[in-house]
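Below are my notes on this model, as numbered points. Please read them with the structure open.

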Amino acid sequence: MDRWKIIVLVILSFMSVLIWRAVFAQSDGQLKVVILNVGQGDAIFIETPTGTQVLIDGGAGSRVLGELAGVMSFYDRSIDIVIATHTDADHIGGLAEVLQRYDVATVIENGMTADTAIWREFDGLIDDEGSVRHTAIAGQSLALGGGARLDILGPAKGERDELTSKANDVMIVSRLVYGQSEVLFTGDIERDDEVRLALSGTNIQSDMLKVAHHGSKNSSTNLFMDRVRPAIAVISVGENNRYGHPHKEAIDRIVKTGARILRTDIDGRACFSSNGFIWSEC
Ligand SMILES: [Zn+2]
């Protein structure tokens, strides 16, 4: 064999190792949940045991792209489902960047429009992308493959139609369930939504909680925390943000539950995987 044939062979076998590693990485029966570190904002990446990828919110700017590069294969250019919990810039700003970089099959929205440049850009990019658009309502459930499902707990029926509702009050709240493992994603809900959820009769108990509204003082109410009873509470928040998030009162209420608290501004990206029974850090 001449030298070039050997070089080509080495490159091919190296590539096949990479491909098989990626295949096995996705078929180990693990559900992966990563609260990305996007500064002040939210972005959560989910990968199910069958490889379905979901992104809930995208933070404010392009920072989400670097975070996704850290948790996705370098050749992966598609995301199955993008969920915009609401229309605020610290949630959909980065999703505009994601729509430009990745093929996105489905976008799930709160069904509201907003009179902002970033919302118009986001809206236009979804249409350009040709993604299927879906409006979330409590009671829906998305099968994500491998037995994982995402139950939609909010917005409640009729909430969108109330004259008083502002675009950023209508929030997609969802609960990921895989075997005996659950994660609750709250967006920026505050006291009213927390009380409604706590009293709705729906099971909201969850192993892991994406703490509501970056740890604002009107969120993480005692009643709500009592019903969720998380073992792990992750606060997605930017360093020295101008809102003073997370608020001390909220942290004190979370501490009372005995949950382990992680903060993206201090601990960085929070990565957990579950086999349906036990969570491990990844
Ligand atoms: Zn927010």
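1. Ile44 is in contact with Val33, Val34, Ile35, Leu36, Ile56, Asp57, Phe185 and Lys210, when residues up to four places away in sequence are left out. Two residues are in contact if their C-beta atoms, placed from the backbone, lie within 7 Å.

2. The model is a predicted one: local features need pLDDT of at least 70, side-chain atom pairs count only at pLDDT 80 or more, and totals for chains, interfaces and linings use all residues. Residues are numbered from 1 along each chain as its sequence is written.

3. A residue is buried if 20 or more other C-beta atoms lie within 10 Å of its own, exposed if 12 or fewer, and partly exposed in between, with C-beta atoms placed from the backbone.

4. For the chain as a whole, 43% of the 282 residues are buried. The chain has eight helices and 15 strands; helices (H or I, at least four residues) and strands (E, at least two) are DSSP runs, numbered from the N terminus. Of the contacts between residues at least 6 apart in sequence, 67% join residues at least 24 apart.

5. Which residues of helix α5 (residues 191–199) are buried? They are Asp193, Glu194 and Leu197. Seen down the axis of α5, the buried residues fall within an arc of 100° (the arc of the directions from the helix axis to the C-beta atoms), so they line one face of the helix. An α-helix has 3.6 residues a turn, so residues three or four places apart point the same way. Exposed Asp192 and Leu199 sit on the face of α5 turned away from its buried side. The cover over the buried residues of α5 includes β8 (148–154), β9 (173–178) and α6 (222–228). Just after α5, Gly201 has a positive phi of about 90°.

6. Ile118 belongs to helix α4 (residues 117–129). Ile118 is partly exposed because 19 other C-beta atoms lie within 10 Å. Beyond its neighbours within four places in sequence, Ile118 contacts Ala89, Ile92, Gly93 and Ala96. Leu95 is 23 residues from Ile118 along the chain, and their C-alpha atoms are separated by 9.9 Å.

7. Two backbone features deserve a check by eye. Most residues other than glycine have a negative phi, and most peptide bonds are trans. The bond between Gly154 and Pro155 is cis, with omega about 5°; Pro155 is in the loop between β8 and β9. The bond between His245 and Pro246 is also cis, with omega about -5°, and Pro246 is in the loop between β12 (232–235) and α7 (248–256).

8. His214 has a positive phi, near 55°, and is not a glycine. His214 lies in the loop between β11 (208–210) and α6, and counts as buried because it has 25 C-beta neighbours inside 10 Å. Ser220 lies in the loop between β11 and α6 and has a positive phi of about 55°. With 31 C-beta neighbours inside 10 Å, Ser220 counts as buried.
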